[in-house]
Number of protein chains: 2
Amino acid sequence: MGFADATAVRRRDDTTWDADVQPGWDINGNANGGYLLAIAARVLADATGRPDPVSVTGHFLSPGKVGPLVIAAEVVKAGKRFATARATMRDGEGRTVLAVLGACADLSLPVDAPERIDAELPELPPPEACVREPTGELMPVPFRDRIELRLHPDDAAYLHGRPSGRTLMRGWFRLRDDEPMDAVTLVQVLDAFPPTIFNADLPVAWTPTVELTTHVRARPVGDWLRCRFRTRYVTAGFLEEDGEVWDATGRFVAQSRQLALTPRAA
Amino acid sequence: MGFADATAVRRRDDTTWDADVQPGWDINGNANGGYLLAIAARVLADATGRPDPVSVTGHFLSPGKVGPLVIAAEVVKAGKRFATARATMRDGEGRTVLAVLGACADLSLPVDAPERIDAELPELPPPEACVREPTGELMPVPFRDRIELRLHPDDAAYLHGRPSGRTLMRGWFRLRDDEPMDAVTLVQVLDAFPPTIFNADLPVAWTPTVELTTHVRARPVGDWLRCRFRTRYVTAGFLEEDGEVWDATGRFVAQSRQLALTPRAA
C-alpha cells in the first residue's frame, strides 16, 4: 500500500472523518509522527476545500497504534487565500492521539512576490552513493521500509556507533515505486529522518515530540527530495529540530520545526 | 499600564475568558501579534493550571482593535508534565482574531537532561550603545513606546534608508519601569522587533503573519533580554522569521518561528 492509500481519509459527516493507521508505518509499534500529521493534513485540506496544507501544527498526545482513527475537524475561518481549521484525532479507544491547527491554500495559484535565499543547499552525494539506513538494529523501524531514505554518509556513521558529533542529518527522500508526491507528502518527509541527536555524543536515547509545525511553500516536482535537519539548542530538557526540503528542481518547498524532549538515557 | 495588566485575563466560566486590547499596544491601529498571543497564552495557562506556555501556536485571522476580547478555551489533554489546550479569541463584534493551540507546564520543576548548544550568542553592544527605534517615521507604532527595545546599530540603519542587506534584526528587550518578566513576556518578545525584511533590499513593505509558534524553555532572569531574528528563505510569497532569546544570565530561554506573507509592494 502506497502513501496516498495509507493516509487516505473518508468524510463521515460535516465534522467527522475516518482513517486508519496502517500496519508498517510505525517505529517500534508506534506510528511515525509525520505519518499521523499527514493524515490530519488530509482532513484539514478536505474540511477547508483547499488542497495544500501551508502551515500545520500538531501536538502529539498519545502513541498512534495500528487501527481505526476518528478525526473531528472544524473550519475556524475561510478567507480569500487561506482557510484555517482545527482537528482532533482519536484512536479506536477514544484516546486523543493528536491535536492539530492549520491553514490550507491552493498553491497552484500564481504568486507575485520577490525571492531571496540566504542559505546553502545541502551538499549531498547522489542517492546511490548515500546510505540506506538498515532497520531493526536498535529497535524495529518498519516505517523506514515504507519510504525511500538515503542518508549522507557523514551523517550515517552513527549507525556503526560513530556519531558525527554534529546535530545534523542530511539525505534524500522519495516515495516507493515512483509514487507521485503531493504537498501532504512534504508533511510526512519533515518527520521521516532519524533524530539529529543520534549524531551527538549525548546520553539521550529517544526524543518524544511535543509539537511539530510544518510549512509547505510549494508542491514538489520530480522524485528525490533533498533534506536537511539541524538542531542548535539542546537545553532545559528540550531540543528543536529544524527541517528544510528542496525538490528535484532545486526549489525550496518546505520547512519545519519540532519541539522534542531530551530525557537523560537511563 | 504595564505588560501584566495589559495582558490580564478574567475567567468568566469553565470555558470563557474576558480580556481587553488596551490602547497603545498597536502598530498603525492593529494590536501587535505578540501582544495578542501573550493574552492567549495567559488563557492557556489559566485553563490548564500550568503557569508556563512551553509551545504556543497562533493563527492570525483578523486585526485586533482596542476593546473587549472574549476567549473560548478547552483543555485537550492534561498529562503529567504538559497540558495541551486550544483557544479562540474573538473581538467585541464576534470576529475571530486568533486561533491558538498550545502546551503549558511548570518550568520551575527540576529537569535532568544533557545540554549542548551549537550556536553563537548574538554579539551586541551594550543597550546604551544600541539604537532606540524612533516611532512614527513611516507609520504610527505606539507599541514601541510600551516596551524597551534597543537595536544593534548595524541592523538599525534601515531607519535612515540604508538597509544592512542582511535579513537579520538583533537587539535588547525589556519591559518598562523595571516590570518583572515572566514566561508569557517571552511570547511577547518573540514578536516585538521590526521585521527582518526591513533590512533586505526588497520591494516588500509589510509582512502579515499567517502563523507564529513560540517555544519557551525557561523563565527569564534579570532585565535585558538578548534577541536575534533571522530570515533565510523569502520564496513563493512566504518568509519565515526565526527568533531566539537569551536572558541576562546568558541562558537560552525562548525560540520562535513565524510564517509571514511577502506581497510585492505596490
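Tutor: What follows goes through some terms applied to this predicted model, each set against its cut-off.

Student: Why is N32(A) called buried?

Tutor: Buried means under 20% relative accessible area, and N32(A), which lies in the loop between β4 (30-31) and α2 (33-48) of chain A, has 4% relative accessibility, so N32(A) counts as buried.

Student: What makes the approach of N32(A) to Q188(A) a polar contact?

Tutor: A polar contact needs a pair of N or O atoms within 3.5 Å, one able to donate a hydrogen and the other to accept it; the side chains of N32(A) and Q188(A) make such a contact at 2.9 Å, and the side chain of N32(A) also reaches the backbone nitrogen of Y35(A) at 2.8 Å. Leaving aside neighbours within four places in sequence, the residues in contact with N32(A) include W25(A), F143(A) and D191(A).

Student: Why is V70(A) called partly exposed?

Tutor: The term covers what lies between buried, under 20%, and exposed, over 50%, and V70(A), found in strand β6 (residues 67-78) of chain A, has 30% relative accessibility, so V70(A) counts as partly exposed.

Student: How do you know that the two copies are related as by a two-fold rotation axis?

Tutor: A rotation of 180° with 0.0 Å of shift along its axis superposes chain B on chain A, with an RMSD of 0.0 Å, and the two copies are therefore related as by a two-fold rotation axis. In chain B, the C-alpha nearest the axis belongs to L101(B), 3.3 Å from it.

Methods:
Residues are numbered from 1 along each chain as its sequence is written. Chains are lettered from A and ligands numbered from 1 in the order in which they are written. This is a predicted model: local features need pLDDT of at least 70, side-chain atom pairs count only at pLDDT 80 or more; totals for chains, interfaces and linings use all residues. Side-chain values use heavy atoms; hydrogens and water are left out. Helices (H or I, at least four residues) and strands (E, at least two) are DSSP runs, numbered from the N terminus. Buried means under 20% relative accessible area, exposed over 50%, partly exposed in between (1.4 Å probe, protein chains only). Contact means heavy atoms within 4.5 Å. Copies are superposed by least squares on the C-alpha atoms of residues with pLDDT of at least 70 in both.
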